[in-house]
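Opening the notebook on a new chain today.

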Amino acid sequence: MKLSEIKNHLKGLDTIGFILPNGELVASHFHVTEVGKITKDFIDCGGRVRNETVINFQLWEENDYDHRLHPEKLINIIELSEKKFQFDDLEIEVEYQGKETIGKYGLDFDGTNFLLTSKVTACLAPDACGITPSKPKLQFSELNSGATSCSPNSGCC
């Protein structure tokens, strides 16, 4: 989700909710402790120089059960950050303190709540590492069930 999208979604909400990938709701007394821009300059395993920039939101919760961050307050925080740091309309990454470590998530919206989506790693230069794309695994039920013989173009094998 881009920065402009979260601002548009927040305008239509009375309360803010975040849901973790496992379906658990982030406690309603969470704080957004920072909104910033993170730039990562790196070289992939194939030697190619890369650059990645995201807008980072950090969610945190503590024993402040009376605290509730309202949509208009988060919009104000975002807009202040945009003015101070001249943000582009970049993708948002969310950091959230889990039980053991900080997790990094993508962000989506289901019409009511913001969804913290799982992020994954991958080799960025598979050709340089000798990694060949894996063949898709098929289930027997996906094979052409109408085939009565196994000829090269029948779809049975």
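This is a predicted model: local features need pLDDT of at least 70, side-chain atom pairs count only at pLDDT 80 or more; totals for chains, interfaces and linings use all residues.

**Around Phe18**

I started with the neighbours of Phe18: leaving out residues up to four places away in sequence, Phe18 touches Glu24, Leu25, Val26, Phe30, Leu59, Leu107, Phe114 and Leu116 (contact means heavy atoms within 4.5 Å). Residues are numbered from 1 along each chain as its sequence is written, and side-chain values use heavy atoms, with hydrogens and water left out.

**Rings**

Next I looked up aromatic pairs, meaning rings of Phe, Tyr and Trp (its six-membered ring) with centres within 6.5 Å; planes under 30 degrees apart are stacked, over 60 edge-to-face, the rest tilted. I get four aromatic pairs by this rule. Phe18 and Phe30 make an edge-to-face one, with 5.3 Å centre to centre and 85° between the planes. That pair links distant parts of the chain, twelve residues apart: Phe18 is in strand E1 (residues 18-19) and Phe30 in the loop between E1 and strand E2 (31-43). Helices (H or I, at least four residues) and strands (E, at least two) are DSSP runs numbered from the N terminus.

Are Phe18 and Phe30 buried or exposed? Both are buried, i.e. under 20% relative accessible area, with exposed over 50% and partly exposed in between (1.4 Å probe, protein chains only). Phe18, Phe30, Phe109 and Phe114 form one aromatic cluster.

**Core**

I then checked the largest nonpolar core, which has 29 residues; Phe18 is among those with the most contacts inside it, as are Ile6, Leu10, Phe57, Leu107, Phe114 and Leu116. A nonpolar core here is a set of buried Ala, Val, Leu, Ile, Met, Phe, Trp, Tyr and Cys residues joined through side-chain atoms within 4.5 Å. Elements giving two or more residues to this core include helix H1 (3-11), helix H2 (71-85) and strand E5 (102-109).

**Sheet and whole chain**

I count three helices and six strands, running α-β-β-β-α-β-β-β-α from the N terminus. The six strands form an open sheet with mixed pairing, in the order E1-E6-E5-E4-E3-E2; two strands pair if DSSP finds at least two bridges between them. E1 and E2 stand at the edges with a single partner strand each, so one side of each has no neighbour in the sheet. E3 and E4 pair in the parallel sense over five bridges, and Phe57 stands opposite Val94 in E4. Last entry: 31% of the 157 residues in the chain are buried.
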